[in-house]
Amino acid sequence: MKLPKLKLLLGAVLASTCVMAGAQAKYPDRPIRLIVPFAAGGTTDIVARIVAEGLGRELGQAVVVENRGGGGGAIGAEALARASNDGYTLGMATVSTMATNPATNPATPYNPLKDFTPIINLVNVPNVLTVNPKVPAENLQAFIALLKANPGKYSYASAGTGGISHLDGELFKSLTGTDMIHVPYRGSGPGLNDTIAGQVSAQFDNLPSSMPHIQAGKLRALAVASTERVKGVDAPTFAEAGLPAMNNMAWYGLVAPAGVPADVVARVHDAAVKALKDPKTAQRLIDGGSFIDGGSSQDYAALIKRELELRQKIAREQNIKLTQ
């Protein structure tokens, strides 16, 4: 090949490489979809919408929340696992989608350790057991006594079959020797509506979605799963109330489909950290009962693995095996 032609060829290759590098450096150059695997109004949705606002501001593109509820979070999680791994589809990950569903349901249509790329754990959140104020039980001990005296009479709402609130309800029944009817919903929001209306007696939920209703007197909190008592909630921790096995907090983070480029993961992670450090964003999360995390992607991957192993252990010991 003659030298002029060789120079032209090399120049074309370099130009093409620069164009490709420039295209990659522009991520994101269009809106990003954020899949929330539960209905609107629940804690996952609340956290997602607060963070999406700040994340979009830091990335320079809109982050559009898409609710895909059902199956205790499995439907939305599966949709994320099957999405393109170009970084333009992200998802909210929870204890339900990454741990309790896979631990208790052999038909879960994804592998939490292989089908996702962990990006960042956003917040840690206490869980809470609430009852409709008309339920004749002022505290957890009275509620347990009421259930024992009336097996099968009372019901509890969950955010869906196989989710953390369902597993918490079944674990509660096992630990206390009580019997309640499980009523699954497509997320915490619809369950809250029916618990407040008295169509369901109780609900196992994450604190942020229940907090305003507790403070308004529409729900009575009996116990919270937290390392310490929560300001604004007149209830002991489950550990204080004699049920330490139920004292595990929930968490909410960002994940992407498996195989997302490392530079995209780093870009989203850094933007999320900045969003969480924004005083207004942080205060909104804290006011809702959340504890901000914001650790590394590696930390989040390790957390997901530990949570899955914990929930698998609980499912084995309590003989909890669910089907969709």
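F38 is found in the loop that runs between β1 and α2 (43-59). The model described here is a predicted one. With a relative accessible area of 5%, F38 falls under the 20% limit, so the residue counts as buried.

Leaving aside residues up to four places away in sequence, F38 touches T44, N67, R68, G69, G72, G73, T94, S96, T97, A159, R186 and G187.

## R186

R186 has its place in the loop between β7 (181-184) and α7 (188-197). Its contacts, again without residues up to four places away in sequence, are F38, A39, G69, G70 and A159. A polar atom of the R186 side chain lies 2.6 Å from the backbone oxygen of G69.

The C-alpha atoms of R186 and G42 are separated by 9.7 Å, while the two residues are 144 residues apart along the chain.

## Domains

The protein is divided into domain 1, made of 32-124 + 249-318, and domain 2, made of 126-246. Taken over C-alpha atoms, the centres of domain 1 and domain 2 are 24 Å apart. Contact between them involves 27 residues of domain 1 and 27 residues of domain 2.

## The open sheet

Six strands form an open sheet with mixed pairing, in the order β2-β1-β3-β10-β4-β11. β2 (63-67) and β11 (291-292) are the edge strands, each pairing on one side only.

β1 and β2 run parallel and are joined by five bridges. V36 stands opposite N67 in β2; N67 is also among the residues that F38 touches.

## Helix α4

Helix α4 covers residues 95-104 and is mostly covered, ten of its ten residues being buried. The buried residues are V95, S96, T97, M98, A99, T100, N101, P102, A103 and T104. They pack against α3, β3, β4 (116-125), α6 (164-176), β10 (250-257) and α11 (297-317).

At the start of α4, a side-chain oxygen of T94 reaches to within 3.2 Å of the backbone nitrogen of S96. T94 and S96 are both in the list of residues touched by F38, as is T97.

## Aromatic pairs

A search of the whole structure finds six aromatic pairs. Y27 and Y88 form an edge-to-face pair, with 5.1 Å from centre to centre and 70° between the planes. Y27 lies in the loop between α1 (3-25) and β1 (32-36), and Y88 in the loop between α3 (74-81) and β3 (89-94), so the pair ties together parts that are 61 residues apart in sequence. Both Y27 and Y88 are buried.

The ring of Y88 also has a charged neighbour: the charged end of R30 sits over this ring, 3.6 Å from its centre. Elsewhere in the chain, one aromatic cluster is formed by F143, Y156, F172 and F204.

Note on methods:
Residues numbered from 1 in each chain as written. Predicted model: local features only at pLDDT ≥ 70, side-chain atom pairs only at ≥ 80, totals over all residues. Heavy atoms only, no water. Phe/Tyr/Trp six-rings, centres within 6.5 Å; stacked < 30°, edge-to-face > 60°. Helix = DSSP H or I, 4+ residues; strand = E, 2+ residues; numbered from the N terminus. Buried < 20%, exposed > 50% of the residue type's maximum accessible area, 1.4 Å probe, protein only. Lys NZ or Arg CZ within 6 Å of the ring centre and 35° of its normal. Pairing = 2+ DSSP bridges. Contact = heavy atoms within 4.5 Å. Polar contact = N/O pair within 3.5 Å; in protein donor to acceptor, adjacent residues only side chain to side chain. Domains from an automatic or database assignment.
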